[in-house]
Amino acid sequence: MSITKIRASIVGITGYTGVELLRILLAHPNVRIAQLAARVEQETRIGEIFPHLAHLPHIITPCPTDILIADSDVVFICLPHKAAQDIVAELHGKAKVIDLSADYRLDDAEQYEKYYGPHRHAHLLREVVYGVPEISGHTAIADASTVSNPGCFALLMQLMLLPFKGHIAHADLFAITGSSGAGKTASDATHHPVRSHNLKSYSINTHRHIAEIARGAGITEAQLNFVPSSGPFVRGIFAQGFVTLNDRSTAPASLLPNKEKPGPYTKAPFIRLQETVEAAHVVGSNYCDLSYQLGNKGQILIQGALDNVVKGAGGNAVQNMNIMFGLNETTGLDTLTPMYP
């Protein structure tokens, strides 16, 4: 599909994910911002809500779906979980849609209800394509009308485990996320002043991303331990994994990706295989850094890091958009070099 300028709209622009997506799209050579929508009572210049964007002329409006459909080639939905269900259903098949909420990530209604509650449009769950370019494949994404962006934890864990899919007996995963992952609205548990001097775990083996992780890794939830934690920093996820293989006839070392033999990441431009991994090395970029080592007793030791609001959200969404519109998947993203220091 060849379009000189893709007309892109964002619904839910006032959250962290929406405004980060806008930052990425403004630098994209093939995109024109069409509509910025949010729950506002009247049209509001974006600089009034985000003073760091005071130089921009863009207006935030309570844009109805009929205008979104008429004005947009692609609509990004950056609404909270459950709030996106109806608008995605209204737009599905009428415009390209990329949903960054969790509302269409699972293709099984019972499993969705286990983690999120009832789904008002369960019949669409199997029609929406799960959008991880490194795993889902470009063809499925390119042919999709609506794509569901993965959860940030889920994306990193799946990328860490991908080389061992079909060989995993058990996986133990520990991941630390920055405060931006909790969203813009502060709570007693997520407010940064509370987190800034602390490190704690939460939702151990009950986190809503577990179903995505297990499906992507080709294992059951019983084969997985997942310990998500909140860290004293703003952006990024740093994770460690300990994997036991089930196929004793396969030498564990033969499955380890590296720069010379990248395995499933041969054509994955945003995966960087490193000797060691640091969260600070990916912040601000769409890169995911991974490190694999052989541990004791045949275990695989994995480390991974990504920026939760770029590769874990807006950047991956733009990667999906590029594929949906026949562009190189790196367009507008490979110029986002990591910020240092």
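Ser203 sits in the loop that runs between β10 (200-201) and α10 (210-217), where helices (H or I, at least four residues) and strands (E, at least two) are DSSP runs numbered from the N terminus. The model is predicted, so local features need pLDDT of at least 70 and side-chain atom pairs count only at pLDDT 80 or more, while totals for chains, interfaces and linings use all residues. Residues are numbered from 1 along each chain as its sequence is written, and side-chain values use heavy atoms, with hydrogens and water left out.

The backbone at Ser203 deserves a look: phi is near 50°, a positive value in a residue other than glycine. Ser203 is partly exposed, its relative accessible area being 33%; here buried means under 20% relative accessible area, exposed over 50%, and partly exposed in between (1.4 Å probe, protein chains only).

A positive phi is also found at Lys297, which is not a glycine, with a value of about 55°. Lys297 belongs to the loop between β14 (288-294) and β15 (300-306), and with a relative accessible area of 85% it is exposed.

Turning to peptide geometry, Tyr340 and Pro341 are joined by a cis peptide bond, with omega about 0°. Pro341 is placed in the segment after α11 (310-324).

Thr44 is part of strand β3 (residues 44-45). Thr44 is buried, with a relative accessible area of 13%. Apart from neighbours within four places in sequence, Thr44 makes contact with Ile49, His58, Ile59 and Ile60, contact meaning heavy atoms within 4.5 Å.
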